[in-house]
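Subject: Structure handover

Hello,

Here is the structure I promised to pass on. Please open it first, then read my notes below.

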Amino acid sequence: MLVATTIAQLRVEIAGRPAPLALVPTMGALHAGHLELVAAARAQAGTVVASVFVNPLQFGPGEDFERYPRDFESDRAELAAGGVDIVFAPSLEEIYPPGFSTTVVVGRIGAAYEGAARPSHFSGVATVVTKLLNIVRPDNLLLGQKDAQQTAVLRRVVRDLAFPTRVAIVPTVRAADGLALSSRNAYLNSEQRAHAPTLFAALEKLRAELSQDSAKHDAIERAAALLGSSGRLEYLDLVDADSFEPLEQLRAPAFIIGAARFGATRLLDNIWIGSL
Ligand code: AMP
């Protein structure tokens with residue numbers, strides 16, 4: 001496995017490699033969820049490129065950019081074991097050189113939910129992924145369902161800006177108790193970790209209620225009660241999978257989405273409704 005740290009080096013290394021080319025963008029601190037994306041990429045591509053870059057543009061003021069977990073040596077070993085061909089691990093200056101000022105504005109699809117809680121987040125995600133797509137020119141882009149609104153935003157970016165790239169969404173990998181794996185789970189103390197699966201339980205409860213035709217407002221209230229006092233729910237809703245507009249009744253394709261804080265740690269989760 002080769003590690004490229006500059007755009008020029010990466011382009012030289014990619015040239016002549018077997019197609020199709022798959023890109024797995026990550027911020028490192030890798031866990032089994034990331035490795036599922038790598039495995040899916042490996043199964044469908046001739047060449048797999050994974051990027052490891054903690055993108056400052058997608059963190060708001062006062063968020064965890066500085067303390068976000070970083071362990072490149074461990075990430076490198078995991079990616080090599082997963083069959084990645086090339087790791088792109090650029091410096092901050094390589095991606096955002098002095099004078100950098102162009103950003104991608106995502107519009108309404110990124111305004112609610114995560115976009116409301118983190119106003120510059122999706123612009124930061126869309127900007128870095130647009131840049132990565134231009135650098136790598138992949139045939140396939142692999143994204144995790146875990147970040148559902150991010151998948152909707154980036155699928156929109158790929159369509160709107162006519163990238164010749166197919167987007168593949170990989171199902172969420174969970175711990176045995178249901179908690180979605182996330183690099184931020186490392187911030188939870190043992191008590192918070194014990195309570196964190198209530199977020200997924202609330203999503204499942206909402207799905208069950210909606211499939212019995214409960215009114216959405218009442219269903220959300222009953223599902224939210226599962227969090228008790230251990231977590232602070234930020235939102236729980238049913239949305240269209242493509243537009244991320246709220247839906248009143250269960251239909252496919254949709255997501256049941258939620259976000260909650262356990263202590264200072266903000267966790268997201270969702271359930272994909274692919275068919276009824
Ligand atoms: P991140 O490093 O958090 O930016 O995540 C990189 C990619 O891994 C994104 O496409 C995420 O949606 C995906 N990912 C994160 N957690 C999981 C998980 N538990 N299961 C599947 N994919 C995930």
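**Around the ligand**

A polar backbone atom of Val173 sits 2.9 Å from a nitrogen atom of the ligand. Keep in mind that this is a predicted model.

How much of the ligand does the protein bury? On its own, the ligand exposes 480 Å². The protein buries 92% of that area.

Gly144 places a backbone N or O atom 2.9 Å from an oxygen atom of the ligand. His34 uses its side chain: a polar atom there lies 2.9 Å from a ligand oxygen.

Now step back to the whole shell. There are 17 residues around the ligand. The nearest are His34, Gly144, Asp147, Val173 and Leu181. Sorted by class, the shell holds eight nonpolar, seven polar and two charged residues. Which element gives the most to this shell? That is α2, with three residues.

His34 belongs to that helix, α2, which covers residues 32-44. Is His34 buried or exposed? Its relative accessible area is 15%, under the 20% cut-off, so His34 counts as buried. Beyond its close sequence neighbours (up to four places away), His34 touches Thr26, Gly28, Ala29 and Ser183.

**Gln145**

Look next at Gln145, in the loop between β5 and α7. Gln145 is buried, because its relative accessibility is 10% and the limit is 20%. Its side chain makes a polar contact of 2.7 Å with the side chain of Asn270. Leaving out residues up to four places away in sequence, Gln145 touches a list of residues that includes Thr151, Ile169, Pro171, Phe255 and Trp272.

**The nonpolar cores**

Here is a general point first. In soluble globular proteins, nonpolar side chains tend to be buried together.

In this model, the largest nonpolar core has 43 residues. Which of them have the most contacts inside the core? They are Leu10, Val49, Phe88, Val136, Phe244 and Ile257. Several elements give two or more residues to this core, among them α1 (7-14), β4 (86-88), α7 (148-160) and β8 (254-262). The largest share comes from α6, with nine residues.

Skip its neighbours within four places in sequence, and Val136 is in contact with Leu10, Ile14, Leu21, Leu23 and Val49.

There is also a second, separate core. This one has 24 residues, including Phe200, Ala254, Leu267 and Ile271.

**Backbone details**

Pro20 is in the loop between α1 and β2. Ala252 and Pro253 are also joined by a cis peptide bond, with omega about -5 degrees. You will find Pro253 in the loop between β7 and β8.

Then check two phi angles. Tyr113 is not a glycine, yet its phi is positive, about 55 degrees. Tyr113 lies in the loop between α4 (92-95) and α5 (114-117). With a relative accessible area of 12%, Tyr113 is buried.

Arg137 is another residue other than glycine with a positive phi, near 50 degrees. Its place is in the loop between α6 and β5.

**Pro25**

Pro25 counts as partly exposed, because its 21% relative accessibility falls between the 20% and 50% limits. Setting aside residues up to four places away in sequence, Pro25 touches Ser51, Leu132, Leu141 and Leu142. How far is Pro25 from Gly99? Their C-alpha atoms are separated by 24 Å. Along the chain, the two are 74 residues apart.

Best wishes

Methods: Residues are numbered from 1 along each chain as its sequence is written. This is a predicted model: local features need pLDDT of at least 70, side-chain atom pairs count only at pLDDT 80 or more; totals for chains, interfaces and linings use all residues. Side-chain values use heavy atoms; hydrogens and water are left out. Helices (H or I, at least four residues) and strands (E, at least two) are DSSP runs, numbered from the N terminus. Buried means under 20% relative accessible area, exposed over 50%, partly exposed in between (1.4 Å probe, protein chains only). Contact means heavy atoms within 4.5 Å. A residue is near a molecule or strand if one of its heavy atoms lies within 4 Å of it. A polar contact is a pair of N or O atoms within 3.5 Å; within protein, one must be able to donate a hydrogen and the other to accept it, and residues adjacent in sequence count only if both atoms are side-chain atoms. Accessible areas come from the Shrake-Rupley method with a 1.4 Å probe; for residues, only the protein chains shown count as cover. Ala, Val, Leu, Ile, Met, Phe, Trp, Tyr, Cys and Pro count as nonpolar, Asp, Glu, Lys and Arg as charged, and the others, Gly among them, as polar. A nonpolar core is a set of buried Ala, Val, Leu, Ile, Met, Phe, Trp, Tyr and Cys residues joined through side-chain atoms within 4.5 Å.
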